Amino acid sequence: MAGITWHYVLKFIITGDAGVGKSSLLVRLTDQRFLANPDPTLGVEFGSKLIEIPEEGKVVKLQCWDTAGTESFRSITRSYYRGAAGCLLVYDVTSRKSFINAKSWLADVREHADPHLTCILVGNKVDLCDEEASGSSNRRREVSTDEADEWARKEGLLFLEASAKSGNNVDSAFEKASCDILHKIKHGVFDDDRSPGVKLSKPTNGSVALNQASNKQGCCS
Ligand SMILES: Nc1nc2c(ncn2[C@@H]2O[C@H](COP(=O)(O)OP(=O)(O)OP(=O)(O)O)[C@@H](O)[C@H]2O)c(=O)[nH]1
Ligand SMILES: [Mg+2]
């Protein structure tokens, strides 16, 4: 179809402890697949996807920077925080330590990223809790949904539990955060021209095409 293919480009960062599943969430988003044994991220990796936000009538192009959770890369990955419009702050629901450490990742984000950035807390690997219930998992949930939800509210974060393995809530996490960013754009919080994490496409005509099949539901609730 002629014309532009998106209304906005939104820069996202994905952060959190090593092994919580940041790269797996990105691969699930962009390729709809799951790798059982991915290599740890060295520095930063990049992925991109077009998504539709029906409530706002917009198509956005997500530009996601997936950062390494390993401590030795922390000073490098921090430099990618600047100018991001959105952040996925990821912990593993079967690792209390990764949830506790999310506080220091959030402190890093707040120190180095745009103060208006939208951050969504994502409790990954919920599939292991289902397996736990059915007796086939040897990993137990260590962070309750209520506790994470309460902390997210206190810190002004959005929140979802997800699974890169099953795909549960992965698209929704990005959609929910994107929807919030579009609200901020609409209300002048992000300036199209001055916020490096938000780029407005330059329309050549009125038509906007989403290149992938989409059966998206509401994400702003
Ligand atoms: N059961 C389950 N395993 C997952 C899930 N997401 C990731 N994993 C596994 O967790 C391990 C670490 O996943 P990665 O995606 O490499 O984690 P990461 O956060 O990118 O790690 P670093 O790049 O080292 O910071 C891998 O063995 C994945 O297969 C999930 O939703 N469920
Ligand atoms: Mg990784």
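**Notes on the predicted model**

1. Strands pair here if DSSP finds at least two bridges between them. Helices (H or I, at least four residues) and strands (E, at least two) are DSSP runs, numbered from the N terminus.

2. A word on conventions before going further. Residues are numbered from 1 along each chain as its sequence is written, while chains are lettered from A and ligands numbered from 1 in the order in which they are written. This is a predicted model, in which local features need pLDDT of at least 70 and side-chain atom pairs count only at pLDDT 80 or more, whereas totals for chains, interfaces and linings use all residues.

3. On confidence, the protein chain has an average pLDDT of 87, and 85% of its residues score at least 70; pLDDT is the predictor's confidence in each residue, from 0 to 100. The stretch to treat with care is residues 203-218, where the pLDDT is below 50, although the model gives this stretch 27 contacts beyond near neighbours in sequence. A contact means that the C-beta atoms of two residues, placed from the backbone, lie within 7 Å. Where pLDDT is low, the predicted coordinates should not be read in detail.

4. For the overall layout, the protein chain holds six helices and seven strands, in the sequence order β-α-β-β-α-β-α-β-α-α-β-α-β. Of the contacts between residues at least 6 apart in sequence, 75% join residues at least 24 apart. Buried residues account for 41% of the 221 residues in the chain. Here a residue is buried if 20 or more other C-beta atoms lie within 10 Å of its own, exposed if 12 or fewer, and partly exposed in between, with C-beta atoms placed from the backbone.

5. Back to β1, which is worth a slow look. Strand β1 (residues 8-16) is largely enclosed by the rest of the structure, because eight of its nine residues are buried.

6. One of the facing pairs is Val44 with Thr67 in β3. The two strands make a hairpin with four residues between them, and Gly57 in the turn has a positive phi of about 60°.

7. Two backbone angles deserve a check. Most residues other than glycine have a negative phi, and most peptide bonds are trans. Gln32 has a positive phi of about 50° without being a glycine; it sits in the loop between α1 (22-31) and β2 (44-53). Lys125, also not a glycine, has a positive phi near 70° and lies in the loop between β5 (118-124) and α4 (127-134). Are the two residues buried or exposed? Gln32 is exposed, because it has 10 other C-beta atoms within 10 Å, while Lys125 is buried, because it has 27.

8. Ligand 1 has 23 residues around it, the closest being Gly21, Ser24, Pro40, Thr41 and Gly69. A residue counts as near if its C-beta atom, placed from the backbone, lies within 6 Å of the molecule. α1 and α4 each supply at least two residues of this shell, and α1 gives the most, with three. By class, the shell has nine nonpolar, ten polar and four charged residues. Ala, Val, Leu, Ile, Met, Phe, Trp, Tyr, Cys and Pro count as nonpolar, Asp, Glu, Lys and Arg as charged, and the others, Gly among them, as polar.

9. Finally, helix α6 (residues 170-186). Its 17 residues should span 24 Å at 1.5 Å a residue, which agrees with the 25 Å between its end C-alpha atoms; the expected span is 1.5 Å times one less than the number of residues. Among the buried residues of α6 are Val170, Phe174, Ala177, Ile181 and Ile185. Lys176 is also in α6 and counts as buried because it has 22 C-beta neighbours inside 10 Å. Its C-alpha atom is 8.0 Å from that of Leu158, 18 residues away along the chain. After α6 comes Gly188, with a positive phi near 80°.
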